Amino acid sequence: MTTATATRPAAVSIELDDVSITLGGRPILEKISLAVPAGEFLSIIGASGSGKTTLLRLIAGLWQPTAGAVRVAGSLVAAPSRDVAIVFQDYGRALLPWRTAAGNVSLALEAMGVPKSERADRIHALLTKVGLGSHAEKYPTQLSGGMQQRLQIARALAQGASILLMDEPFGALDALTRQALQDELLLLAADTKATIVFITHDLEEALYLGDRIVALGSNPGRVITDVPVALPRPRHQLATREHPNFVALRRQLFDVIEGLHA
Amino acid sequence: MIRARALGLFRALAVPVTVLVLYELWFRLTGQDSDTLAPPSAAFSAFLEAVRDGTLATATGQTFASLLSGLAIGGGLGLASGLVIGFSRRADDASFLAIEMLRPIPSVALLPLALMIFGFGYRMEIFVVAFATFWPFLILTQSAVRQVEPRLIEVSRILGLKPLSAARDIVLPAAAPRLMTALRLGTGIALVVAVTCEIASNPQGLGHALMLSQETLRPARMWAFLFWIGAIGLTLNLSLLRLERWLFAHRGDYDASVAT
Amino acid sequence: MTRSPPAVRFGLGIAGVVVLGLAWHLATTLQLVPRVFLPSPEATWKALQRGLSVGDMANQFGGTVQRMLLGWLLASIVAIAIGSLIGISPLARAYLRPTLGFLRALPASATIPIAIALVGLSPTMVLAVVTFGSIWPTLLATVQGFAMVEPRLIEVSRALHMSRLAFIWKIGLPNALPDILTGMRLSMTVALILAVIGEMLAAQSGLGQAILLAARSFRTPDLYAGIVLLGLIGAVSSYGLQLVERRLLRWKSH
């Protein structure tokens with residue numbers, strides 16, 4: 001493993017213990033209990049408004065639950081920490097428009113106090129890792145949607161986090177770019193052994209990527225289903241989707257999702 | 001591209017130039033001789049005369065001295081205060097009523113006060129210009145800080161940026177385009193207020209030169225100075241607009257078409 | 001940043017004003033600033049009471065308000081009328097907008113010497129200056145509002161064979177209304193400033209002249225009383241217009 005990634009495979013896990021949150025008088029999440037072992041790729045699906053984004057913000061420590069406890073690596077989450085990175089769906093708003101791609105990655109390293117002499121190499125390594133090696137001096141507006149999202153991932157990796165939270169990261173991208181990024185993400189996941197919580201509304205994407213799927217109901221958000229995804233790794237865009245388990249899980253969960261949208 | 005620009009320039013100048021030419025012709029043909037009106041040609045020669053005898057330069061220098069000093073003081077204080085009430089919700093709460101009470105006071109209302117305290121001269125004008133420029137800077141700086149993309153604030157929290165680093169690396173660059181706009185608008189206001197002070201009482205600067213020309217029944221000179229003041233205002237605005245575009249055009253968050 | 005609950009916000013706001021008032025009081029009681037430059041709050045209040053009851057301030061207040069409103073109203077009517085005519089024609093806009101922009105940037109007070117030259121130091125001069133100066137913000141805003149009419153609506157009006165006037169009245173003006181109202185608010189500020197300066201220069205009965213005379217004879221409490229009244233005019237006119245704006249623009253989703 002290169003020094004550029006600096007993630008530590010450790011017994012890190014996420015624990016949600018009867019977590020509820022009410023915002024503006026409305027209950028968004030109710031009694032969510034979840035345990036995510038280290039290194040797992042957890043896919044979360046649910047209808048819009050089911051509080052999926054809220055869940056991520058709770059794990060990240062950006063918001064606090066009204067009841068219950070959120071724990072990361074055993075300790076209570078009271079504030080954001082560098083160990084938990086978020087990749088937002090609206091990448092255009094999450095990147096600094098006045099810094100180049102290299103500058104955006106650099107922000108994470110600067111925040112960590114990495115000395116200037118070390119930064120250049122690590123930035124280059126990270127950008128190359130996400131396939132942006134030759135675009136280091138471009139501004140976000142000069143990059144395509146897929147490239148901007150890769151840049152966000154690069155910054156998240158630069159953070160050195162062992163937990164990666166992704167909020168429908170590929171939702172705003174076209175199908176081809178989405179597939180390419182899915183596979184790249186799987187490679188990164190295998191390489192860094194990070195714990196990943198991936199939110200999507202796309203059932204097939206959730207199955208394709210995850211080790212486990214959790215379906216959230218809405219109004220208020222509750223765990224409806226929690227099943228492991230028994231599919232071989234490495235995943236393959238065609239082969240995996242034709243695997244009998246894939247089809248079976250898809251059918252099983254399709255009904256659940258239908259029920260959620262009813 | 002160049003053709004479009006040339007067309008734009010032609011259209012911009014067509015009407016004013018035509019009006020001036022017609023006006024000139026009317027003057028020549030009817031043989032007017034007036035204490036109040038002057039043909040463009042006379043205004044132009046009066047302009048050259050003012051350049052030659054140094055009065056234009058002197059007056060411009062005086063107005064600019066007051067303009068820049070007042071802008072620096074009022075704008076600086078407004079910027080600092082705007083940062084405070086932008087960052088601190090408590091400060092904003094404590095001050096908003098007081099601001100709403102003091103802000104509506106027209107700057108000219110302070111003119112007699114300034115006159116009484118400082119007498120004629122630079123200090124009186126700087127005082128009024130500073131007061132006038134303080135408010136736009138205060139309001140615009142506050143909104144610039146408030147309107148930083150919330151997603152970026154979350155990013156700064158997740159990355160664990162310390163408050164000072166967050167301010168330097170996230171808030172200020174994000175607010176910079178709006179702060180530049182505040183500077184551009186503030187400069188325009190400073191010019192108007194400075195000239196107004198000179199017209200209303202202060203015996204120095206371009207406004208005074210304008211009034212003096214009228215009082216001494218030299219209409220051509222009056223029109224020359226009027227045009228010069230307009231030209232300065234236009235140049236200041238356009239140059240600052242250029243600067244804004246050059247600084248921020250490459251960013252995704254700057255809307256070049258919004259700037260007026 | 002989230003907002004504080006209204007109770008907290010107003011509580012702190014009033015506290016802020018009170019602190020400011022106390023500071024003013026202390027500054028004068030402790031003679032930190034010479035009395036002649038900063039009268040005490042009490043002296044200002046007394047001067048205000050006196051001026052409004054037995055003095056001439058009520059008249060002067062009325063004079064300034066009258067001048068400001070009259071000029072502003074005239075200016076608004078002219079500005080909207082001309083602005084509409086220019087606004088509906090893309091050609092007219094292309095030819096005139098740069099010139100209008102230049103004229104708008106010109107300090108309105110710079111027209112005073114010309115007005116004096118043409119009309120002399122008279123009430124007419126002041127009204128002319130107030131009107132002329134107040135035209136520009138509203139005029140430009142009207143043109144801008146018309147320029148931004150959704151092209152789809154223009155096509156609809158053509159399909160319906162609407163006359164120029166009908167288009168202006170039914171489509172153009174309602175569309176331009178938000179911009180026009182903002183322009184009118186700006187024009188009001190300009191009108192007040194020009195009314196005050198006009199009064200100062202042409203020695204017309206109004207708050208402008210009142211505070212100038214007060215300053216000349218070092219009657220500072222009267223000066224400050226005048227400033228307070230001018231601030232009041234500015235505040236009331238601005239908020240009044242904002243209320244009207246909110247009323248008229250209720251259909252707009254913010």
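Begin by selecting chains A and B together: their contact takes 16 residues from chain B and 22 residues from chain A, where two residues are in contact if their C-beta atoms, placed from the backbone, lie within 7 Å. This is a predicted model, in which local features need pLDDT of at least 70 and side-chain atom pairs count only at pLDDT 80 or more, while totals for chains, interfaces and linings use all residues. Residues are numbered from 1 along each chain as its sequence is written, and chains are lettered from A and ligands numbered from 1 in the order in which they are written.

**The side of chain B that touches chain A**

Colour helix 7 (150-158) and helix 8 (163-200) of chain B, the elements that give two or more residues to the side of chain B that touches chain A. Helices (H or I, at least four residues) and strands (E, at least two) are DSSP runs, numbered from the N terminus. The largest share of this side, six residues, comes from helix 7 of chain B. By class, the side of chain B that touches chain A holds six nonpolar, three polar and seven charged residues. Here Ala, Val, Leu, Ile, Met, Phe, Trp, Tyr, Cys and Pro count as nonpolar, Asp, Glu, Lys and Arg as charged, and the others, Gly among them, as polar.

**Chain A as a whole**

Nine helices and 10 strands are found in chain A. Its radius of gyration is 18 Å, close to the 18 Å that the globule rule gives for 262 residues, so chain A is as compact as a globular protein of that length. The radius is taken over C-alpha atoms, and the globule rule is 2.2 Å times the number of residues to the power 0.38. Along its principal axes, the C-alpha trace of chain A spans about 55 × 45 × 35 Å.

The average for chain A is 88, and 94% of the residues score at least 70. Then select residues 1-10 of chain A, over which pLDDT stays under 50. For this stretch the model has 21 contacts beyond four places in sequence.

**The two sheets of chain A**

Two strands pair if DSSP finds at least two bridges between them. A:Asp167 stands opposite A:Ile199 in strand 8 of chain A.

Move to the open sheet of four strands in chain A, which has the order 2-1-4-5 and antiparallel pairing. Strand 2 (26-36) and strand 5 (75-76) of chain A are at the edges with a single partner strand each, so one side of each is left without a neighbour in the sheet. Strand 4 (residues 67-72) of chain A pairs with strand 5 of chain A in the antiparallel sense over two bridges. To see a bridge here, select A:Arg71, whose partner in strand 5 of chain A is A:Leu76.

**The domains of chain A**

Colour chain A by domain: the assignment gives domain 1 (14-83 + 163-261) and domain 2 (97-159), with bounds that come from an automatic or database domain assignment. The C-alpha centres of domain 1 and domain 2 of chain A lie 25 Å apart. Their contact takes 10 residues from domain 1 of chain A and eight residues from domain 2 of chain A. Helix 6 (residues 175-192) of chain A provides the largest share of the domain 1 side, four residues.

Finally, show chain C, which has 10 helices and zero strands. The radius of gyration of chain C is 23 Å, well over the 18 Å that the globule rule gives for 254 residues, so chain C is more spread out than a compact globule. The C-alpha atoms of chain C fill a box of roughly 75 × 55 × 30 Å, taken along the principal axes. Chain C is divided into domain 1 (1-33) and domain 2 (39-248), and the C-alpha centres of these domains of chain C lie 32 Å apart.

Terms used: pLDDT = per-residue confidence, 0-100.
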